[in-house]
Amino acid sequence: MIPELGHFALVLALVLALVQAVVPMVGASRNRFALMAVGRPAAQGQFFFILVSYVCLTWAFIQSDFSVQLAASNSHSATPLMYKITGVWGNHEGSLLLWAMSLSLWTVAVTVFSRHLPEAFVARVLGVLGWVSVGFLSFLLVTSNPFDRLLPAVGEGRDLNPLLQDPGMIIHPPLLYMGYVGFSVAFAFAIAALLTGRLDAAWARWSRPWTTVAWVFLTAGIAVGSGWAYYELGWGGWWFWDPVENASFMPWLLGTALMHSLAVTEKRGAFRSWTVLLAISAFSLSLLGTFIVRSGVITSVHAFATDPKRGLFILALLVIVIGVSLLLYAWRAPKLGGGGSFSLVSRETSLLGNNVLLSVASASVLLGTMYPLFLDALGMGKISVGPPYFEAVFIPLMTPVVVLMMFGPFLRWKDDDLTAAVRKVAPAFVASVLIGLGTAYAVDHVTWRTVLGLALAAWVVLASLQLLAGRITERAGASMGTRLRSITASWWGMWLAHLGVGVFIIGVTLVGSLDASLDVKMQDGQRAELAGYTFTFRGVQDADGPNYDAARATIDVTRDDRAIATLTPEKRMYLAQGMPMTEASIDIGPFRDVYVSLGEQIEDGTWIVSLYYKPFISWIWLGCTLMGLGGVFAAADRRYRRLAAREATVAANQRVA
């Protein structure tokens, strides 16, 4: 009866989502506090029942209840417990339930941390989030019920996809979904602001921490997913511009633009209409990416024909959410005004330029991702849009983004003198160009991309150091500790995130310019050379796991007769699905990775071995870590807490009055 209990809990969650969507909205329109107050308990009750539903589904996986179709298709009695638990979201239905639970968790967070906001505004925010929940829960119950029974029950399950039986997949989907769904809060704030006509600095301040936290989750999710692809797939790459990666990258780009746009709206009152449009677009792309990936459209455009009911529901939900929000924007935005004025040479202009370029970059990724699907759907043939297209389009767009990113902080708000600003940054800019040319000259196989990448990275690092030095010297006479403590957390967040971009560029540039690889046949005792390292094959032994048989190789790595590492790549065969998998072995260092994967056995004792040398690749994830840490600092700025406490006091006094 536990699966039926989970199904019933999902139905109750839908009922509460409808209450949350309708009653607070009615209360806000009629200014009735009692109706507006319904939103918070309804949202919290919805989260409780979705959590009950999720626990019931997880229990079916843990207990190997193969009368539940989802468990039979994605679990096995021999699957390790951790992967039984994570197998819940390793499929379409379970991942949508995780999506719904993430949305309800964000909604509960809004109910807890928004008590300082006006009740009518919070009621509209919760109402919008309620309607989004109604859409997802209806989609789950009507077309993607995770509790469908399989009667009679099968004796054994098919097991979870071996690609997903990895620690990276334990944390990657929850992080990614928390990022995707987090933009729903920014979307709800934007729609509530359009409904009330209140798009001012206070609205931007309320929305900004939520957007930043969602961006941090999405950044972490993308970084973990990239790391998983690097070590799990056995090909030595970290990004391939495939549609699944692009589905998360597009809202990240717009989310980055949204954070900067909110900063301008809060500080200067400008970009109000632009900020709302970015909030709508970021969440729309989150919806589009989530549904495209999980509906199967990415792998086959005929997935709609295979399950027309599910496909039509997806299209209807996308049209309603995106269409209604854009219609509301078109109706209300012209009445909002442009906000604060600013000159051509100002910090606002640099941020506007960056936001436009980030939006165009996101649109170019969307075009490259969707264009082959549209052609296939129209019967005009199949084409492949791969890395050459994305790199040719993306690099010219992102180069000025990086330049403006570090030039903008040197400009004053509203108006500045171009000559004086250029004079400030000229030494760092010239030095970065010289460093790029000089360093690239010392690099083998130098290309224009190497020169450009190293120059941009040097520009970011040098300009960041210059900004920090300038900030420290502002309070002359104070101790160094006092000077550092006087810098706000939001400024440190900006500084760390920008520095992370520079570190990321270093990693991308050098691994693309200096990496080396070799596929070689190896027998016991045989050696191979790559990038100054010697790889000695020591044979293969059996190393079976709980639900797979494995052949594990032992390979000694030396350099100049000095032992570096002993690597143990595996070739696994998962028993339930008969699916072979490669488990790479990596010696990770601060300036390089030595990477080995075991291929096929071509004859007795002879194996194909893939060797990789990956310089500075760890800097890619170090850069992502710094970016995410910067977002954490920015969201934790105590200024938000002080203002929230002040606004809570005002709101309480108004309710008493």
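**Ring pairs, salt bridges and a charged patch**

Helix H10 (residues 243–268) holds both Phe-249 and Trp-252, which are three residues apart, about one turn of the helix. Helices (H or I, at least four residues) and strands (E, at least two) are DSSP runs, numbered from the N terminus. This is a predicted model, in which local features need pLDDT of at least 70 and side-chain atom pairs count only at pLDDT 80 or more, while totals for chains, interfaces and linings use all residues. Residues are numbered from 1 along each chain as its sequence is written, and side-chain values use heavy atoms, with hydrogens and water left out.

**Aromatic pairs**

- The whole structure contains 32 aromatic pairs; rings of Phe, Tyr and Trp (its six-membered ring) pair if their centres lie within 6.5 Å, and planes under 30 degrees apart count as stacked, over 60 as edge-to-face and the rest as tilted.
- Phe-249 and Trp-252 are stacked, because their ring centres are 5.9 Å apart and their planes meet at 15 degrees.
- Phe-249 is buried at 14% relative accessible area, and Trp-252 is buried at 15% (buried means under 20%, exposed over 50%, partly exposed in between, with a 1.4 Å probe and protein chains only).
- Phe-591 and Trp-619 make a tilted pair, with 6.2 Å between centres and 40 degrees between planes.
- That pair links distant parts of the chain, 28 residues apart: Phe-591 is in the loop between strand E8 (585–588) and strand E9 (592–603), and Trp-619 is in helix H20 (residues 618–635).
- A cluster linked by ring pairs includes Phe-249, Trp-252, Tyr-389 and Phe-504.

**Salt bridges**

- There are 14 salt bridges in the whole structure, each a side-chain nitrogen of Lys or Arg within 4 Å of a carboxyl oxygen of Asp or Glu.
- Arg-149 and Asp-65 form a salt bridge of 3.8 Å, N to O.
- Arg-149 sits in the loop between helix H7 (119–143) and helix H8 (168–196), and Asp-65 in the loop between helix H3 (39–62) and helix H4 (69–74), so this pair ties together parts 84 residues apart in sequence.
- Arg-572 and Glu-583 also form a salt bridge, 3.8 Å from N to O.
- Arg-572 lies in strand E6 (residues 570–574) and Glu-583 in strand E7 (residues 579–583), 11 residues apart.
- Both Arg-572 and Glu-583 are buried.
- Arg-552, Glu-570, Arg-572 and Glu-583 belong to one network of salt bridges that share partners.
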